[in-house]
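Have the sequence and the 3D view open while you follow it.

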Amino acid sequence: MTNPVSAAPLAPAQLRRTCDPASLAFATTAELEDFGEVLGQARAVEAIRFGVGMERDGYNLYAMGPEGIGRHTIVRRHLEKKALERATPSDWCYVFDFAAPDKPRALELPAGDASRFRQDMQRLVEDLRTGIPSAFETDEYRTRLQEIEGEFERRHEEAIESIGEKAKGQGIALVRTPSGFGFAPMHEDKVMGPDEFHALSEAKQKEVQEAIAALEQELAKAIHEVPRMRREAQRKVRDLNRQVVGATVTGLIEELKAAYVALGPVVRFLESVHEDVLDHAESFRHPKEGEQRTLFGIPVPEPESESPLGRYQVNVLIEHAAGSGAPIVYEDNPTHDNLVGRIEHLAQMGTLVTNFMLIKAGAFHRANGGYLVLDALKVLTQPFAWEALKRAMRSREIRTESLGQMLGLASTVGLKPEPIPLDQKVVLVGERILYYLLQAYDPEFPELFKVAADFEEDIERAPESDLLYARVVATIARREKLRAVDRGGVARLIEQGARAAGDAGKLSVAMQELTDLLRESDYFAAAAGREVVGAADVDSALAAREDRQSRIRERVGEQMRKGTLLIDTAGERAGQVNGLSVVQLGEFAFGMPSRITARVRLGYGGVVDIEREAELGGPLHSKGVMILSGYLAGRYCVDRPLSLTATLVFEQNYGGVEGDSASCAELCALLSALAEAPLAQSLAITGSVNQHGDVQAIGGVNEKIEGFFDLCKARGLTGTQGVVIPAANARHLMLRREVVEAVEAGRFQVYPVQSVDEALAILSGQPSGERDPLGRFPAGSVNLRVEQRLAAFAERVLAFAAGPPVRKDWRRGRPR
Amino acid sequence: MKIRRIVVGLDVAPHSRPALEAAAALAGALDADLEALFVESDEVHRLAGLPFARELGVSSAAARPMDPAVLERTLRAHAREARRALAEVAAPRSLRWSLRVTRGSVTEEIIAASTGADLTVVGARRWTPEAARFARGAPATIIVLPHSGRLGGPVAAICPVTVAPEHAMALAASLGDALGGGLTILVLAEDLAEAGAWCEKAGDLLRAMGRRAGLEIVRESQPEALQAALERLAPRAVAVVAAPPAQSS
């Protein structure tokens with residue numbers, strides 16, 4: 001009938017696993033060596049090492065874990081090591097494709113050679129600019145050009161003159177008219193007038209007209225020959241130009257070809273440049289002259305790259321210093337264009353124009369031949385970036401295409417640059433949930449990211465890990481140029497690490513949080529004029545951090561103290577218990593007591609969760625309440641119907657409740673209401689319960705205890721106050737020193753319980769009672785009262801079910 | 001010598017426009033008056049009066065009947081166009097200019113108009129017998145512009161030894177300045193010794209003026225040699241230098 005375990009609260013030492021500074025064999029962290037490894041991430045590190053070393057398709061990495069663990073730092077450190085061992089990737093340029101002007105050609109050059117090639121091409125153009133005009137200035141060229149032009153003129157005029165001469169021989173003159181030529185009969189070396197013509201005999205007139213008609217035909221034939229002769233002359237001029245500039249151009253380009261003889265594509269490009277220069281030698285004669293382009297009389301600027309000579313420029317897309325190793329690129333804004341590169345446009349008189357010089361490199365280009373690090377969430381939230389990433393990884397080539405073009409939205413003239421082969425390892429850094437969602441919903445993802453580096457959030461706490469933790473502190477302090485930390489300070493940091501892990505037996509490896517705490521502790525050490533960061537500075541930093549974030553907690557506490565929120569911390573009442581909940585505000589969490597009440601009556605409704613009915617309760621909370629029905633029926637009403645309607649409510653809860661950590665409190669309130677056994681209001685209880693009445697572990701146990709402690713402390717600790725927690729949570733306790741001290745002074749208790757019976761015994765101060773071998777609860781026990789109450793309900797229900805009472809015999813025969 | 005009056009002969013031929021521009025450039029450079037003469041060829045009028053008169057387009061070779069009234073209108077339009085072009089080239093140079101329209105033989109009208117002028121400018125496609133007729137017929141110096149296109153480029157001056165070297169050099173220098181480009185003087189002579197002496201004197205004068213020019217001797221009796229020289233030099237302008245009016249009269 002007694003519950004021997006129930007009365008034993010936890011000893012102060014069990015409430016906080018302290019770190020003894022004396023166990024740390026150093027005075028300050030300045031004595032400690034840097035910790036080159038990664039604390040507690042052996043699994044993730046091995047995965048990274050494997051992923052980085054695996055030179056096969058699809059072995060890209062997904063580094064997953066929560067923020068602040070140091071995923072980026074660890075990944076980068078490993079990539080840097082590997083990158084130095086790898087060959088420096090090639091430089092890439094875009095050049096004009098003379099055969100397909102809208103498809104710029106990609107050229108690969110050895111690392112460091114792209115700039116040289118660009119300069120060489122610039123020099124070539126400059127040399128041609130001086131060399132070609134001087135070739136055109138030579139007497140030889142002028143003479144030959146004059147010969148061609150003169151020949152054309154001569155042939156043209158001779159053709160006409162010969163017809164004129166022939167006509168003259170027939171007594172007919174070739175006369176120039178305003179827009180051509182006409183034939184007229186002559187008389188005494190002069191054109192015949194109409195009178196003279198009419199004076200001729202009809203036969204003569206006819207003869208003249210026939211002769212003129214024949215001559216006209218001949219002249220028409222000669223005129224039709226002119227375009228052909230002109231074309232011929234133009235062809236000759238082109239040939240001449242090629243011959244004249246050929247010597248200059250060939251010499252210069254051959255020189256360049258010799259310099260790049262090992263690079264086939266470059267040599268082929270130079271050959272096409274050679275041909276193009278010969279075909280467009282005229283462009284070099286007066287490249288800066290000529291009329292400026294205008295539109296409606298407004299001068300239109302002509303970009304250098306659009307000029308005929310701009311075609312010989314080289315757009316160095318990406319270049320590397322020779323021997324610099326493989327690149328590691330982190331793109332923190334992974335938009336579609338920032339990944340695949342973009343084709344910029346110039347606005348000209350309201351239209352957008354582009355050319356190969358306006359192709360700009362993206363992260364793929366920069367990381368080609370090396371490593372690309374991206375934040376998974378950022379890639380997934382940028383429109384089309386994820387698709388672009390996968391497409392590039394699958395096709396192993398970079399296809400620079402603007403979004404507008406890709407979606408068919410851009411109506412401007414576009415370019416289709418030749419794709420560049422892609423060889424890069426991608427490291428995505430992101431949350432676990434994204435990894436598992438991608439695994440579930442994107443069939444390509446498992447193919448492309450075969451290696452998952454799963455980062456731990458904490459490590460086991462042991463003396464050797466305490467020392468490693470101290471070395472990590474030393475490393476961070478040196479890297480961040482902070483003061484060294486003495487062992488007292490390190491001990492406090494270790495304790496805080498355990499508190500952050502939410503487990504006295506573990507240490508959090510959230511490096512960002514540790515770094516922040518170190519920085520803040522350093523600030524307080526500096527303010528106090530200390531050379532070394534001590535325990536007091538760490539405490540100050542933690543207190544200040546808590547103070548900065550605790551406005552809402554204090555406001556809630558104030559409402560409780562003033563009685564606006566009804567929470568008792570003394571006395572007793574049936575059907576009412578103090579539950580505990582955790583409020584999470586960003587990174588700050590605090591515990592808060594809540595009044596839970598239960599009312600019971602006869603009925604068929606079972607246990608009604610008012611939170612659920614009011615849609616203020618989450619599914620886990622509803623599940624917890626439904627378990628209670630199972631517990632009640634299984635424990636007390638095996639052989640009779642559960643004829644109960646009970647209502648459970650989180651009083652003054654206006655913001656919703658989730659989780660099943662109050663189910664044990666709710667069960668206690670329910671049993672108390674059934675047994676009409678008052679529960680101590682000086683205690684609070686947390687824990688979930690199963691259908692057998694076992695109390696199960698919950699989260700945020702430290703915050704919950706401290707939340708009730710703070711309220712009790714504000715009202716004055718009486719020595720009867722305390723918190724009932726699941727025994728399984730005892731190992732998680734890392735309570736504030738203040739709480740531990742109160743327990744030490746006997747002014748506060750923490751009771752670990754394994755079953756509802758234990759909890760009920762503590763809360764009611766009465767034995768809850770266990771069934772004897774005959775299956776009966778002891779007399780006066782809470783459980784017996786519960787069972788009797790439920791049995792009474794069931795009997796009443798059976799009585800109702802039997803129908804209306806039978807009319808008594810002695811009433812028969814009596815007049816109505 | 002001072003050139004005060006320049007006559008430019010224009011007709012419907014396409015090379016009239018370069019002649020006009022050259023003449024305007026010369027007038028501007030030499031501060032001379034510009035007199036333009038637009039000649040309507042009487043041969044065209046007579047042709048248009050014939051019952052079967054047809055005109056073949058210069059580039060299309062399409063034949064279309066000629067109508068005297070249409071021709072009149074066309075020629076008037078050409079004359080108006082010549083006036084507009086003249087005003088256009090004269091305005092930026094602030095030239096004093098005039099335009100006269102006549103009807104007759106183009107060559108004879110221009111030769112007649114050039115009487116008393118210091119310089120006569122006409123256009124021609126190349127050095128043709130007709131161009132030579134101008135050179136012989138005009139009492140003053142004549143310039144022939146062989147090809148259409150912009151000014152600037154080599155200038156050839158045909159200069160008989162009968163003209164005093166001082167006069168020839170002064171004129172050639174003026175033309176060189178006005179037209180730009182290198183100057184080659186083709187000295188027409190029969191007596192080589194006489195030509196040599198002339199060239200020597202001309203060279204001295206050029207040096208004194210601080211100028212450079214090529215000097216070539218061409219036999220007057222061999223027009224084909226002159227033709228060959230002109231084809232070789234391919235000048236933009238050919239100046240035929242004659243004795244100044246005062247000397248010739």
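Q: What scores does the model have for ipTM and pTM?
A: This is a predicted model, and it scores ipTM 0.76 and pTM 0.68.

Q: What is the mean pLDDT of chain B?
A: For chain B the mean is 80, and 83% of its residues reach 70 or more.

Q: Where in chain B does pLDDT stay under 50?
A: First the general idea: where pLDDT is low, predicted coordinates should not be read in detail. In this case the stretch is residues 245–249 of chain B, where the model has 6 contacts beyond four places in sequence.

Q: How many residues of chain B are in contact with chain A?
A: In general, the size of an interface is often given as the accessible area lost when the parts come together. Here we count residues instead: 27 residues of chain B are in contact with 27 residues of chain A. On the chain B side, α2 (42–49), β3 (54–57) and α3 (68–90) each supply at least two residues. The largest share, 5 residues, comes from α2(B). By class, the side of chain B that touches chain A has 14 nonpolar, 6 polar and 7 charged residues.

Q: Which strand of chain A is joined by bridges to β3(B)?
A: That is β5 (residues 180–187) of chain A; 2 bridges join it to β3(B), and the two strands run antiparallel. Look for Gly180(A), which stands opposite Gly57(B) in β3(B).

Q: What is the strand order in the open sheet of 3 strands in chain A?
A: Read across the sheet, the order is β3-β2-β9, and the pairing is antiparallel. Both β3 (105–109) and β9 (315–318) of chain A are at the edges with a single partner strand, so each has one side without a neighbour in the sheet. From one strand to the next, the twist averages 35 degrees.

Q: How many bridges pair β2 with β3 in chain A?
A: Strand β2 (residues 91–95) of chain A pairs with β3(A) over 5 bridges, in the antiparallel sense. As an example, Trp92(A) has Glu108(A) in β3(A) as its bridge partner.

Q: Which helix packs on that sheet?
A: Helix α8 (residues 264–279) of chain A does, and it touches β2 and β3 of chain A. The direction of α8 makes about 130 degrees with that of β3(A).

Q: At what angle do α4 and α7 of chain A cross?
A: The axes of α4 (residues 114–137) and α7 (residues 202–259) of chain A cross at roughly 160 degrees and come within 8 Å. An angle over 145 counts as roughly antiparallel, and α4(A) and α7(A) are therefore roughly antiparallel to each other. The crossing is right-handed.

Q: Which residues meet where α4(A) and α7(A) touch?
A: On α4(A) they include Leu124(A), Leu128(A) and Ile132(A), and on α7(A) they include Val245(A), Val249(A) and Leu252(A). This contact has 11 nonpolar, 2 polar and 2 charged residues.

Q: How far apart are the axes of α2 and α3 of chain A?
A: The axes of α2 (residues 42–53) and α3 (residues 71–85) of chain A are 10 Å apart, and the helices pack at an angle of about 35 degrees. Here α2(A) passes α3(A) in a right-handed crossing. Among the residues that meet are Val45(A) and Ile48(A) in α2(A), with Ile74(A) and Leu79(A) in α3(A). The contact of α2(A) with α3(A) has 7 nonpolar, 1 polar and 2 charged residues.

How values were computed
Residues numbered from 1 in each chain as written. Chains lettered and ligands numbered in written order. Predicted model: local features only at pLDDT ≥ 70, side-chain atom pairs only at ≥ 80, totals over all residues. Contact = placed C-beta atoms within 7 Å. Helix = DSSP H or I, 4+ residues; strand = E, 2+ residues; numbered from the N terminus. Nonpolar A, V, L, I, M, F, W, Y, C, P; charged D, E, K, R; others polar. Pairing = 2+ DSSP bridges. Axes fitted to C-alpha atoms, helices over the stretch in contact; angles between N-to-C directions. Parallel < 35°, antiparallel > 145°, perpendicular 65-115°, else oblique. Left-handed = near helix turned anticlockwise from the far one by under 90°. pLDDT = per-residue confidence, 0-100.
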